[in-house]
Every structure is written in structure tokens, then in C-alpha cells.
Amino acid sequence: MRRTYGKILPGMNLGDLLGKLIVVEGTDGAGRTTQIDLLKTWLEQRGHAVLDTGMTRSALAGEGIRRAKEGNNLGRVTQSLFYATDFIDRLENEIAPALRAGFIVLTDRYIYSLMARAIVRGMYAAWIRSIYSVALVPDAVIYLRISVDQLIPRVIFSRGFDYWESGMDVFPGQDMYENFRSYQTALLAEFERLSTEYHFETVDASADVKTVFAELQTKVLRILESDSRRDYVTARRDGLADSPLMETAENWIAAAREVRAKDLDALLRTAAAQVASSNGNGHRVA
Amino acid sequence: MNTGQNLRIGPFEIFYPAEQAMEQHRQREIESFPGTLFVVEGIDGSGKSTQLSLLHKWLEAKGYGVVFSTWNSSPLVKDTTKLGKKKKMLTPATFSLIHATDFADRIERSILPLLKAGAVVLCDRYIYTAFARDVARGMDSQWVRELYGFAMKPTVTFYFRVPLETAIGRLVTARDGFKFYEAGLDIGLSDNPTESFRLFQGRILAEYEKMIPEFGLTVIDATLPVEVQQTQVRQIAKTHLDRAKELRVQP
């Protein structure tokens, strides 16, 4: 049966969360998004229902966080809690319903990134851990490990340095390169610490996309072989199309499509606003 | 919980979890602030806002730099809260978290700097409101207390204690209808808003009662005449104002 990290949210029935929760963690530029896209396509081809979710994609707080990050007045505690709100909204309204419907949930970052970012920003580790004690323990946490030196060229030649990913709110001074280096070094060190504590499965993300993907496939296949998943696949194969399980799944797919359409719309609006405010450096907003 | 090695306070110097062992530490820290923090708490209809506004006027007349801060008012967060309430998207957990986010923003950008500057800060509702409401909605009481571990302890928290029926009597004559979350309609105690409000506020009242000894709340009998309550409040406030600088606002 599924577990949490200590506390259970009201209304969360751990017994019916049949699906699989797979987390892909790693810093910005480690290749998480690319790998998740590949995994999703591959899993869907194999006949699995897949939900992918990630930070700031909640219907409740996603837009609020994006707006707050555009200014220069988002404090550290506020930031940590805003992200927690976004996470819990997705946990309750996307992740848990999908697991209940037997989906494979691929999440682009989870509580570990949120904890690492908060701790690097000086938040008390016990505090942030207590907040996320209500999170579900995933079936696997795949950590895409990369060094700062390997990371820098990737970031420079793709989107460039982002204000928040360079820890400009953490470190003094205006040197984005130096701050990026210091911030990412601190962040990666925190990930290493979390990796032992939360049993990450580490993958060397400095390798090429294909090699990394092959390793991820192996790990994911191993997870899919466990019991609850097999039960669900059997139910599908046996044509239980009118079972409540399948009905939930279908409703959920429709709802998820709607959310994603809204999300895209919000992103486009943010991007348009960004251009309008003539930031001018052409870098994408995270 | 692994607290020993993580005793890093970081750039945010009053950041502690709500653990017994840290309580003294927190107390010492607040004593280094020259400012004063007065908080009023109580259920809707207890008359706390009236009392706070009278205290506000008195302190202003005495020349203190007084700033008023109300619950749920952060410009950065309130749109999200509004969205969640309007679309009824909030669960007990996200209701709790979005209010904590709002509170954090007010602490970081307003309350903390004001207290450092020596102002008298008046808060209409504080963390105890969150503790009462969130626990009444079914959140774990320890979890909610730890969530607000970054809050500083008020100089005095006035709790306006009033029987449920008195409070409801005041509200029914004063306004029409209860709001969805205010009446606790989200947790399905009753379909009737007035009945749901009654049940929900009853739970909140029970939580406040538990917090009186837990946090050393100063109880004011809110059934007494307004003037009598205000005299008590001012007498208590007076004894805590020696630390507050007189920050006069130039006309």
C-alpha cells in the first residue's frame, strides 16, 4: 500500500492509489523535460495511461507564482509556501486522482527540488520537511545527476541564465554567471544529501539523450512489474470497460485535457507579457 | 526529525520550527526587536475588530508609529486566494497553505521590517486563526503549527471570548448571508449555510479554547460592554509599550 512521509491529508485514501508514481528529479538543464517527453510517448505506446505534471502547473497557484516571480518582491518564505500550495493542489487534484485511476504519473520534479531550493535559500530543513510530510512516497525517484561544469554550457546554449535559477535572490552582487555557479553548486550538494536520505536512483545525465533514456527505460520497466500495476493491466485486458475504475480514468483524461489547455493559454499570455515588457534577452521564463 | 545538524538559521534570522526546544530561542529573538506586536483573535462576531480599531486610535493619539495589518491581505497572494475561493477549488490543505503564503508575504515584507524599526504592529487575526480554522477543517494540528513556524510570537494576543449564540446573534443582525468557506460549507457539515456556520464556528471556538493555555492567550470577556473591554485592553497594552519607539509621522 502507498505511504506518505508521515502525515496524511484529509480525504486522501491511500488504499485506492493503484497507479505508479515516478519522479524525475534534477536541476535545470539536466534534461528532465526531454526525458519525460520520451518516457511518456514510450509508455503510451506500450498502452499505459500516463499523466505528466510538473512545478507551477497547478490550476490554483501556477499563474499566481508566475506573476509573483515577474516582480522583485517575492520573499523566501513566501516563495517556499507558494510552491507548496502549487504542489499540494496538484497532489490532490491531479496526482492522486490519476493514481486512483491506475495511471502512471510522471512528475517533472517533486518535493525534493522544492526542499532543496528552500534549504539553499536558508529555510530551516525540518520546517520544509514537515510541510512535505503529507506527500506520497513515490515508486521511484530517478535523479539525473550532472555537475555544474557540465551544466553551464547546456544552459548558456539553450535558454540562458534565468534570474531565479541563478539564485539572484540568494546571492549578493549582480554577476549572473558567478551566482549561477554558486547557486547550482549549493543546490547540487543539497540534492546529493537528499539522494541518500530519500533513496534516489541516480542516472548520469552527462551522457547523450539516448543513453540516458535507455537507462530510464530499464528502471521504469522494473517498477511496472510490481503487483498493483499488473492488476490494473489485467482489468483493462479483461475488458472491464464499465467498471468504476475505467470510468474514473476517462473522466479524468477529459479533465486533464482541459487543465492542460488552460495551462498552455496561461503560458502564452505570460510569454506575451514578457515580450511586451521588453526584457529583451530572449530567454524563456521558467 | 533531524534537527541537530540543521540548526542553520540562514538569511532569515527568526526561522524556527514550532518545537518546544526552540521556543526559548524564539522568545529571545523577539526580545531583540524594538517593535511591539498586538494581536486580536476570536470568532466572527466577537467584536475583536472594533476593539483593535479603538486601540489603534488610542495608540495613534499617544504618538506611537502604529501600523494595522489584516488577515489575508497580501497583494502578491490575494488574487490566488480569491481565485481559489471563487471557483471553490480550495481543499482544507490548499486553504491552509494559501493563507500561510499570504501570511508569510506580510511577515517578510511588512510586519518584520516594521517590528525591527520599532513600530507598534496591530494584527487583526494571526496564526491562531489559521490553527483554529485549519484544524476545524480536519488538518493535523501539529502540521499546521509547524507550517507557521516562521511566525514571531506576539507581544500580547487578546482573545475575545464570546458564546457562539451571542456571536451569531450579532452577525445575523449585521449582515446578510454567510460566505461559502466562512460557513465551512466546503467540508459538508450541513447544506444549510446558517446551520453549517453554527457547526463550523462551534468547532473553531473549541480550538480557541484549547489554544488559551497552549499559547498563553490573554482572554477578554467579549460579552462585556465595548468600553469596559477597551479599558482592559488599553491597561494591558500600556504595560508593554516601554520597548516601542515613538515613531511620529510628520504631518
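Predicted model: local features only at pLDDT ≥ 70, side-chain atom pairs only at ≥ 80, totals over all residues.
Two strands are taken to pair if DSSP finds at least two bridges between them. Strand 1 (residues 20–25) and strand 3 (residues 104–108) of chain A run parallel and are joined by 5 bridges. A parallel arrangement is also found between strand 1 and strand 4 (residues 140–145) of chain A, with 4 bridges between them. Here A:Val23 has A:Val141 of strand 4 as its bridge partner.

Strand 1 of chain A is mostly covered, 6 of its 6 residues being buried. In a regular strand the side chains alternate between the two faces of the sheet. Accordingly, A:Lys20, A:Ile22 and A:Val24 point one way from strand 1 of chain A, whereas A:Leu21, A:Val23 and A:Glu25 point the other way, and all are buried. Chain A as a whole contains 10 helices and 5 strands. Of its 286 residues, 43% count as buried. Among the contacts in chain A between residues at least 6 apart in sequence, 79% link residues at least 24 apart.

Chain B comprises 9 helices and 5 strands. Read from the N terminus, its elements follow the order α-β-α-β-α-α-β-α-α-β-α-α-β-α. Buried residues account for 43% of the 251 residues in chain B. Of the contacts in chain B between residues at least 6 apart in sequence, 78% connect residues at least 24 apart.

The 5 strands of chain B form an open sheet with parallel pairing, in the order 2-3-1-4-5. Strand 2 (66–70) and strand 5 (218–221) of chain B each have a single partner strand and stand at the edges, so one side of each is left without a neighbour in the sheet. On average, neighbouring strands of this sheet are turned by 20 degrees against each other, direction ignored. Within the sheet, strand 1 of chain B runs parallel to strand 3 (residues 120–124) of chain B, and 5 bridges join the two. One of the facing pairs places B:Val40 opposite B:Asp124 in strand 3 of chain B.

Helix 2 of chain B packs on this sheet, where it touches strand 1, strand 2, strand 3 and strand 4 (156–161) of chain B; the direction of the helix makes about 165 degrees with that of strand 3 of chain B. With 14 residues at 1.5 Å a residue, helix 2 of chain B should span 20 Å, which agrees with the 20 Å between its end C-alpha atoms. Buried positions in helix 2 of chain B are B:Lys48, B:Gln51, B:Leu52, B:Leu55 and B:Leu59. Because these residues cover an arc of only 95 degrees around the axis, they lie on the same side of helix 2 of chain B. An α-helix has 3.6 residues a turn, so residues three or four places apart point the same way. The buried residues of helix 2 of chain B pack against strand 1, strand 2, strand 3, strand 4 and helix 9 (226–238) of chain B. On the other side of helix 2 of chain B, B:Lys57 and B:Ala61 are exposed. The helix is followed by B:Gly63, whose phi is positive, near 95 degrees.

The loop between strand 1 (36–41) and helix 2 (48–61) of chain B contains B:Ile43. With 27 other C-beta atoms within 10 Å, B:Ile43 is buried, because a residue counts as buried when 20 or more such atoms lie within that distance. Leaving aside residues up to four places away in sequence, B:Ile43 touches B:Val162, B:Ala167, B:Gln201, B:Ile204 and B:Leu205. B:Ile43 and B:Ile168 are 125 residues apart in sequence, while their C-alpha atoms are 9.7 Å apart in space.

Between the two chains, 38 residues of chain B are in contact with 31 residues of chain A. On the side of chain B that touches chain A, two or more residues each come from helix 3 (78–86), helix 4 (92–116) and helix 6 (141–147) of chain B. Helix 4 of chain B gives the largest share of this side, 12 residues. By class, the side of chain B that touches chain A has 21 nonpolar, 11 polar and 6 charged residues.

Key: Residues numbered from 1 in each chain as written. Chains lettered and ligands numbered in written order. Contact = placed C-beta atoms within 7 Å. Nonpolar A, V, L, I, M, F, W, Y, C, P; charged D, E, K, R; others polar. Buried ≥ 20, exposed ≤ 12 C-beta atoms within 10 Å, placed from the backbone. Axes fitted to C-alpha atoms, helices over the stretch in contact; angles between N-to-C directions. Expected span 1.5 Å × (residues − 1). Arc of directions from axis to C-beta.
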